[in-house]
Amino acid sequence: MSGCRSFYFLSGIFLGIICLFLTAGCGGSSDALLADIIFVNGHIVTMDENNPEVEAMAVRAGKIIAVGTTEEMERSFFYPELVDLKGKTLMPGIIESHGHLLTLGESFLKLNVMGVETPDEVVEKVKEQLQNIPTGQWLIGWGWDDGAWADNYPTNEKLNAVSPDNPTLLNGLHGFALWANDKALEIAGITKDTPNPPNGIIFKDVQTGRPTGILKDQAQQLLTKYIPPLSRQQLEEALRLAIDECVRYGCTSVHEAKTSGEMVEVFKNLKKKDELKSRIYVMLDGADAELIDPYLRKGPVIDPDHMLTIRCIKIFVDGALGSRGAAMLKPYSDAPEETGEIVTTEDELYSLTKRALQKGLQMAIHAIGDRGNRITLNAFRRALKEVPKAKDHRLRLEHAQVVALEDISQFAPLGVVLSMQPPHATSDMGWAETRVGPERIKGAYAWRSFADSGVHLTLNSDFPGETLNPFYGMYAALTRQSPEGEPAGGWYPEQCLTREEVLRGYTVEAAYSGFEEGIKGQIKPGMLADLIVLSDDILMISPREFLSLEVEQTYLGGKLVYEKEK
Ligand SMILES: [Zn+2]
């Protein structure tokens with residue numbers, strides 16, 4: 001590092017004095033400017049088409065103020081801090097445009113059975129966990145595969161045997177079914193006489209009529225409402241743990257895809273304490289009328305610090321494909337009597353979207369099946385027609401997992417942003433075609449078809465149902481293969497994306513999906529200094545090598561918020 005070689009020639013005495021007292025030294029010519037930190041000798045992937053790769057950059061007050069060569073930065077700036085990247089790759093921080101921080105955070109507080117292969121092994125885990133829990137207290141677990149086990153859901157006899165006195169509830173990985181013991185069902189008053197609620201199923205033994213412990217879709221709420229709520233302290237702890245996990249994977253922004261009022265308060269509090277390590281883009285839980293009403297009257301709350309922005313409402317139109325809750329135009333190929341469930345009707349969606357558009361709020365709609373997606377398309381079209389002033393609305397379609405082929409080209413002309421999850425395709429590819437058949441599968445996880453239609457396409461993980469590791473998602477998008485490399489050549493490989501599309505999906509396009517492309521997703525002057533240093537060159541490694549790519553450092557607004565242990 002150069003010393004203060006030009007110090008005595010400074011025309012600005014003030015800068016010189018600052019420089020003199022800085023321990024890390026400084027460079028700069030007589031008319032040099034002050035930076036807080038400069039990054040030099042790097043391979044900086046900017047995601048800026050006009051200047052795609054640079055060597056160095058300068059940061060001040062949380063923003064990038066210059067990019068160029070190492071020599072240029074050292075000559076042009078006084079800097080108290082210098083990061084020598086030693087040839088490492090640095091890129092804009094990942095913008096995780098659809099995730100569930102609370103579910104992830106709670107999973108750290110709950111018994112985690114993700115990846116456990118059989119119901120018997122789950123029961124074993126419950127038995128072990130009970131040794132640490134007083135009799136009578138709730139045991140909450142999470143992560144059994146309600147998608148993969150949907151054809152043969154477990155029953156609760158063995159769960160009852162190991163846990164007779166502690167109400168025990170195990171949430172499914174994808175949130176569409178839960179598995180509970182009799183003690184929990186008893187507390188909720190669920191018996192053989194309890195009827196199915198609308199859009200929900202209480203699984204019962206065919207012979208005895210006794211509930212088997214599986215509650216699907218809306219039936220889950222019959223039980224979950226009895227779980228003692230997290231205290232504010234536990235909620236804060238859960239969100240803090242989840243955000244820590246995000247920055248470990250380089251996510252400097254997270255779009256929280258179902259935010260309650262209490263979560264908003266916790267985010268505000270963390271921001272106030274300067275403990276928010278990732279920027280939060282809130283999608284308010286649209287099922288909570290009391291929560292969204294004030295925003296529908298007053299409009300979005302856009303944070304001048306860009307730490308906590310509230311301008312989006314999330315609504316579910318249907319369920320998931322694995323549990324056959326996704327609403328289909330025609331019956332499921334493997335269940336001819338089922339077509340899925342509509343949670344929000346087209347008219348409801350239309351009128352809420354209209355109100356949101358009038359106030360400059362964004363809507364983000366969970367739609368999985370071709371009927372769910374058709375309803376969303378129709379509702380968007382009707383609402384946009386009635387609010388023509390809402391030109392830059394960026395209405396979002398979350399998932400768009402199975403879309404009728406004739407509908408795929410309909411979203412781009414409306415200006416709808418597609419938010420898709422590459423890991424869903426590779427997780428579901430073992431059974432998705434069984435659900436929808438050989439024709440409808442052509443419009444499933446159809447990233448290439450959507451990209452070619454000209455839509456804005458943001459990519460994300462929908463964690464914690466899938467790992468939040470963005471490089472895993474990138475691998476899935478590039479290959480449509482499992483981590484083991486199956487199937488050879490990829491599953492419907494014509495739908496793979498290019499490396500450039502993939503990188504843009506997690507940066508530039510993700511920023512666009514939150515109206516933030518002017519401040520995030522690229523490395524150029526004026527952008528927030530949200531940056532990640534990688535273990536390898538993301539432009540040169542093979543798709544398989546994305547699986548072992550790691551984040552070594554994460555910077556938020558130029559401040560180090562994560563560093564991998566050496
Ligand atoms: Zn989600």
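This is a predicted model: local features need pLDDT of at least 70, side-chain atom pairs count only at pLDDT 80 or more; totals for chains, interfaces and linings use all residues.
Residues are numbered from 1 along each chain as its sequence is written.

The secondary structure of the protein comprises 19 helices and 26 strands; these are DSSP runs numbered from the N terminus, with helices being H or I of at least four residues and strands E of at least two. Along the principal axes, the C-alpha atoms occupy a box of roughly 90 × 55 × 55 Å. Of the 566 residues, 52% are buried, that is, have 20 or more other C-beta atoms within 10 Å of their own, with C-beta atoms placed from the backbone. Among contacts with a separation of 6 or more, 71% join residues 24 or more positions apart, a contact being a pair of C-beta atoms, placed from the backbone, within 7 Å.

Helix α8 (residues 232–248) contains 17 residues and reaches 24 Å from its first C-alpha to its last, close to the 24 Å expected at 1.5 Å a residue; the expected span is 1.5 Å times one less than the number of residues. Its buried residues include Leu235, Glu236, Glu245 and Cys246. The cover over the buried residues of α8 includes α3 (101–109), α9 (261–272) and the strands β10 (94–99), β17 (251–259), β25 (551–556) and β26 (559–563). Gly250, which follows α8, has a positive phi near 85°.

Helix α11 (residues 346–358) has 13 residues, and its end C-alpha atoms are 18 Å apart, in agreement with the span of 18 Å derived at 1.5 Å a residue. Leu349, Tyr350, Leu352, Thr353, Ala356 and Leu357 are the buried residues of α11. They are covered by elements including α10 (289–298), β19 (308–316), β20 (362–367) and α12 (370–386). After α11 comes Gly360, with a positive phi near 75°.

Gln481 lies in the loop between α17 (470–479) and α18 (499–506). This residue is buried because 22 other C-beta atoms lie within 10 Å. Residues up to four places away in sequence aside, Gln481 touches Thr426, Glu486, Pro487 and Gly490. Ala425 is 56 residues from Gln481 in sequence, with a C-alpha to C-alpha separation of 8.9 Å.

Methods. A residue is buried if 20 or more other C-beta atoms lie within 10 Å of its own, exposed if 12 or fewer, and partly exposed in between; C-beta atoms are placed from the backbone. Two residues are in contact if their C-beta atoms, placed from the backbone, lie within 7 Å.
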